[in-house]
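Here are a few comments for you to go through with the model open next to you. Take them one at a time and find each piece as you read.

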Amino acid sequence: MIQVAFDAHVIGERRTGNETYARGLIHAFENEPADDLRFVYYGGKAIEQLGLRSRTRRLRPFTPIVRIPLITPIAMAMDRVDIGHFQYTPPPFSPAKTVLTVHDISFEIHPEFFPPGLVKRLQSTVPWFIRKSDHTIVVSEATKKDIIAHYDASPDTISVIYNGVPPGFTYCDDADWCKNILQPLALTRPYFICVGNLGFRKNQQRLVSAFATLVREKQIECDLVLVGQPHTGAEAILHEIERKQIDREG
């Protein structure tokens, strides 16, 4: 039996796709368990509240500066972990093999979208962690190519595993149910939906501008729905929506 520690410290933050990714993997691990794997999930208080069948370990203190380099490897040694799975930042010195998930390296390609301090930290740590980890998972071919180009990483140590679709995303043929869901949102006709934190990095400002142009030129008859939490640059998106405001008659 292979003992796997999955770093779930993002559970409870409700900030970005990193938590969605972690929740999705935990759901799959718990509902479709492998015969040769046994999981222990590391996190904060929120991980204990999930009611998982597998073992959970609340790491204390939870502050990253202590949790990452010290508390996590101690827990892995105590749990006799064979493989640790982390997103972006594993312990610098791990007592087990390490699998790293890197969603993108946009901090290298578009550093202007991030705080300077964060950019400097990621640019100095992520390449080192990728080289040191036993294997790296990326969610797209584009990210794999970016990592190879920027860090001269070996393609053999990187696997592309696309994000899955949660069970809730299924086709609904109940017209009344759909109508009841959409009515409070004033959505009565076809629409495009864009899901992601509102900010410079996701480029919704350009999306709003392009959508407004298509509506003005009467090339489409639908609505645009943006779903996400406001981040740096959200004000510019809201300003663009007001500036490009077009009624349904165009």
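This is a predicted model: local features need pLDDT of at least 70, side-chain atom pairs count only at pLDDT 80 or more; totals for chains, interfaces and linings use all residues.

1. "Buried" here means under 20% relative accessible area.

2. Which strands pair with β2? Strand β1 (residues 2-7) does, running in the parallel sense over six bridges. To spot this pairing on screen, look for Ile-2, whose bridge partner in β2 is Leu-37.

3. Strand β3 (residues 55-58) pairs with β2 too, again in the parallel sense, and this time over four bridges.

4. Now trace the chain through helix α1, residues 17-31. Together with β1 and β2, helix α1 makes a right-handed β-α-β unit.

5. Next, hop over to the surface. Tyr-191, Ile-193, Val-195 and Val-227 make a nonpolar patch of about 370 Å². Strand β8 (residues 191-195) gives the largest share of this patch, with three residues.

6. Is Ile-193 buried or exposed? This residue sits in strand β8, and its relative accessibility is 51%. The cut-off for exposed is over 50%, so Ile-193 counts as exposed.

7. One bit of background to take with you: in a regular strand, side chains alternate between the two faces of the sheet.

Key: Residues are numbered from 1 along each chain as its sequence is written. Side-chain values use heavy atoms; hydrogens and water are left out. Patches are made of residues with over 30% relative accessible area and no salt bridge: like charges are joined within 9 Å, nonpolar side chains (Val, Leu, Ile, Met, Phe, Trp, Tyr) within 5 Å. Accessible areas come from the Shrake-Rupley method with a 1.4 Å probe; for residues, only the protein chains shown count as cover. A salt bridge is a side-chain nitrogen of Lys or Arg within 4 Å of a carboxyl oxygen of Asp or Glu. Helices (H or I, at least four residues) and strands (E, at least two) are DSSP runs, numbered from the N terminus. Buried means under 20% relative accessible area, exposed over 50%, partly exposed in between (1.4 Å probe, protein chains only). Two strands pair if DSSP finds at least two bridges between them. A crossover is right-handed if, with the strands pointing away from the viewer, the path from the first strand over the helix to the second runs clockwise.
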